[in-house]
Amino acid sequence: MKIVAKKVVNLYEILGVEADSTAKEISKAYRALSKTHHPDVSKEENAHEIFQEIHEAYVTLSNPDSRKEYDDFYEEESKKNEEYTF
């Protein structure tokens, strides 16, 4: 039997903020990360992928409805992963 475990991406970690951060704190973190990780600025080979991940986290967390949906999903998936830890 093959067991595949998926780790749910923590969007708050991507932005470097806490789950109870305000919209202003999320926006501030996004702007700071954008300045250093934007593909036009960063010399990293995978700058585009890193920036895309940062941007997607910001888009999700900056919208109250999508943030709530993400929080509910993340909590549920985290519980599932705890059940299968061995």
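**Overall architecture**

The model is predicted. The protein contains four helices and zero strands, and its elements follow the pattern α-α-α-α along the sequence. Of the 86 residues in the protein, 28% are buried.

Helix α2 covers residues 23–37. With 15 residues, α2 reaches 21 Å from its first C-alpha to its last, close to the 21 Å expected at 1.5 Å a residue. The buried residues of this helix are Ile-26, Ser-27, Ala-29, Tyr-30, Leu-33, Ser-34 and His-37. Viewed down the axis of α2, these buried residues fall within an arc of 165 degrees, and they therefore line one face of the helix. On the other side of α2, Lys-24, Lys-28 and Lys-35 are exposed.

Helix α3 spans residues 47–62. The 16 residues of α3 should span 22 Å at 1.5 Å a residue, and the end C-alpha atoms are 22 Å apart, which agrees. Ala-47, Phe-51, Ile-54, Ala-57 and Leu-61 are the buried residues of α3. Seen down the axis of α3, the buried residues fall within an arc of 125 degrees, so they line one face of the helix.

**The nonpolar core**

The largest nonpolar core has 14 residues, of which Leu-11, Leu-15, Val-17, Ile-54 and Leu-61 touch the most other members. The elements that give two or more residues to this core are α1, α2 and α3. Which residues does Leu-11 touch, not counting those up to four places away in sequence? They are Ala-57, Thr-60, Leu-61 and Tyr-70. Of these, Ala-57 and Leu-61 belong to the buried residues of α3.

**The segment before α1**

Helix α1 comprises residues 11–15, and Val-8 is placed in the segment before this helix. Val-8 counts as buried because its relative accessibility is 14%, under the 20% limit. Val-8 and Phe-73 are 65 residues apart in sequence, and their C-alpha atoms are 9.3 Å apart in space.

Asn-10 is also found in the segment before α1. With a relative accessible area of 16%, Asn-10 is buried. The side chain of Asn-10 reaches two backbone nitrogens, that of Tyr-12 at 2.9 Å and that of Glu-13 at 3.1 Å. Leaving aside neighbours within four places in sequence, Asn-10 is in contact with Tyr-70 and Tyr-74.

| Side chain | Backbone atom | Distance |
|---|---|---|
| Asn-10 | nitrogen of Tyr-12 | 2.9 Å |
| Asn-10 | nitrogen of Glu-13 | 3.1 Å |
| Ser-34 | oxygen of Tyr-30 | 2.8 Å |
| His-38 | nitrogen of Asp-40 | 3.0 Å |

Ser-34 lies in helix α2 and is buried, with a relative accessible area of 15%. The side chain of Ser-34 reaches the backbone oxygen of Tyr-30, and Tyr-30 is itself one of the buried residues of α2.

His-38 is placed in the loop between α2 and α3. Is His-38 buried or partly exposed? At 27% relative accessibility, His-38 counts as partly exposed. His-38 and Phe-51 are 13 residues apart in sequence, with a C-alpha to C-alpha distance of 5.7 Å. Leaving aside neighbours within four places in sequence, His-38 is in contact with Leu-33 and Phe-51. Leu-33 is among the buried residues of α2, and Phe-51 is among those of α3.

**The salt bridge**

How many salt bridges does a search of the whole structure find? The search finds one. Lys-68 forms a salt bridge with Asp-72, the closest N and O atoms being 3.0 Å apart. Lys-68 and Asp-72 are separated by about one helical turn because they are four residues apart in helix α4, which covers residues 64–83. Asp-72 counts as partly exposed, at 41% relative accessibility.

How values were computed. Residues numbered from 1 in each chain as written. Predicted model: local features only at pLDDT ≥ 70, side-chain atom pairs only at ≥ 80, totals over all residues. Heavy atoms only, no water. Buried < 20%, exposed > 50% of the residue type's maximum accessible area, 1.4 Å probe, protein only. Polar contact = N/O pair within 3.5 Å; in protein donor to acceptor, adjacent residues only side chain to side chain. Core = buried A, V, L, I, M, F, W, Y, C linked by side-chain atoms within 4.5 Å. Contact = heavy atoms within 4.5 Å. Expected span 1.5 Å × (residues − 1). Arc of directions from axis to C-beta. Salt bridge = Lys/Arg side-chain N within 4 Å of Asp/Glu carboxyl O.
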